[in-house]
Amino acid sequence: MKSFEELYQRHNRRVYSLCLRMTGNVTEAEDLAQEVFIQLFRKIGSFRGESAFTTWLHRLTVNQVLMHFRKRGVRLEQTTEDGEAPIQIVKGTENPNAMPVVDRIALDKAIAQLPPGYKMVFTLHDIEGHEHEEIARMLGVSVGTSKSQLHKARMKLRGLLRQQIKPK
Amino acid sequence: MNCEQYQELLSDLVDGFGSGEDRNRIESHLSGCVACAEVRDDFVAIAGYCHEHRGEYDAVPNERALWLRISNTIEAENAVRAKESVPSGASSWFRLMNRSWQLSFGQLAVAVAAIVLVVSIATVASMKQLYSGGSNVRTAGPTIGTNNISLDDRYRQQKQAIAYWKDRVELNKARWNPEMRDTFDRNMTVIDTALNDSMKQLTQNPHDPVSEDILNDALNDKVALLKEFADL
């Protein structure tokens, strides 16, 4: 148990952060991180060292979050949150100011507002640095879907970040 | 192509994908379209920020509490598993030996002190018994003299004692359970290894005092072990 505690100390932030970014909810992220470490304890014997431990743990975490979404009946391929039309920038109607400096708090807040499917792809691609092929494999979608979700996520984020600095 | 279609290609452009032809076409559109150029700049800012801050992680609100929740769940699961693995008719000895023990430092220190105390008392008692000529020996049997006898005599006496107690052990051995037989065999193997090693040393150096001592101790241990198991 002592060595497992060391593993926890070393990786809990990574696991929790991934859960937090993918769910956007502190309580859910904590519960998921707990479940990930329990699964890790059960499955650590099956780790064969074919990939780096962090990669293996990362996959375990993503799978746990995906299972959580499936249990909750969240569709990962939904186009937009409430069936809203995809965001379009019509020439001349957008904020003429340049993009404000992106900061952590603003970005986290905006990511939390993304629909689950967008959030998942954006987190895996832009934050965690996975390629579209890997994301497609993990989520069981096509590479095209992954790219399209990422584009829509960025568009949505752009809008949310601009809204945050809009003077009231 | 309209602006919406160009914007759909922007993510690929920002991520460094797309053919050279596509890139040229988008770049030429961006040079004349402020709206699309702003989208591109925003994408670069978002992706760039994420890239720069990759590997920065949020702290769990209460790391210790989360660990306690995890370890409690795991320990509870382990306890259930251990309970399930104990056969219904298992003896209390089996249950005791299959428990997982977790002692605090204090408990461990007390246990070690108790063992040391018991061993010391047992050693003193056996020394007294030995030096009093073995008059209070629980079970009759050949005794080994300790004072003023030659090495050869002592060796001969030890051999006699071993032969005697070995016969007694052989008589009772069939009644032993497998755990007891394993314990006996394991201990005997260790003693025999020490015996053989010291004999080998004495063959090479006939009067080596260290090897003589080891041989003497091993023979005494063997007698003690046989004696202990003879009545079981």
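Predicted model: local features only at pLDDT ≥ 70, side-chain atom pairs only at ≥ 80, totals over all residues.
Local features are given only where pLDDT is at least 70 and side-chain atom pairs only at pLDDT 80 or more, whereas totals for chains, interfaces and linings use all residues. Residues are numbered from 1 along each chain as its sequence is written, with chains lettered from A and ligands numbered from 1 in the order in which they are written.

Chain A comprises seven helices and zero strands, and chain B has nine helices and zero strands, where helices (H or I, at least four residues) and strands (E, at least two) are DSSP runs numbered from the N terminus. Of the 168 residues of chain A, 35% count as buried, and of the 232 residues of chain B, 12% do; a residue is termed buried if 20 or more other C-beta atoms lie within 10 Å of its own, exposed if 12 or fewer, and partly exposed in between, with C-beta atoms placed from the backbone. Contacts are assigned to two residues if their C-beta atoms, placed from the backbone, lie within 7 Å. Among contacts between residues at least 6 apart in sequence, 66% in chain A join residues at least 24 apart, and the corresponding value in chain B is 50%.

Within chain B, α1(B) and α3(B) pack at an angle of about 30 degrees, with their axes 10 Å apart; axes are lines fitted to C-alpha atoms, for helices over the stretch in contact, and angles run from 0 to 180 degrees between N-to-C directions. The helices α1(B) and α3(B) are therefore roughly parallel to each other, given that angles under 35 degrees count as roughly parallel, over 145 as roughly antiparallel, 65 to 115 as roughly perpendicular and the rest as oblique. Their crossing is right-handed, a crossing being left-handed if the near helix is turned anticlockwise from the far one by less than a right angle, and right-handed if clockwise. Residues of α1(B) including B:Tyr6 and B:Leu10 meet residues of α3(B), among them B:Val39 and B:Phe43, and the residues of this contact divide into eleven nonpolar, two polar and one charged.

Helix α7 (residues 151-173) of chain B has 23 residues and reaches 31 Å from its first C-alpha to its last, close to the 33 Å expected at 1.5 Å a residue, the expected span being 1.5 Å times one less than the number of residues. In α7(B), B:Ala161, B:Trp165 and B:Val169 are buried, and the buried residues of this helix pack against α9 (209-230) of chain B. The helices α7(B) and α9(B) pack at an angle of about 25 degrees, with their axes 8 Å apart, and are therefore roughly parallel to each other; their crossing is left-handed. The contact involves, among others, B:Ile162 and B:Trp165 of α7(B) and B:Leu219 and B:Leu226 of α9(B), and its residues divide into ten nonpolar, two polar and five charged.

How values were computed. Nonpolar A, V, L, I, M, F, W, Y, C, P; charged D, E, K, R; others polar.
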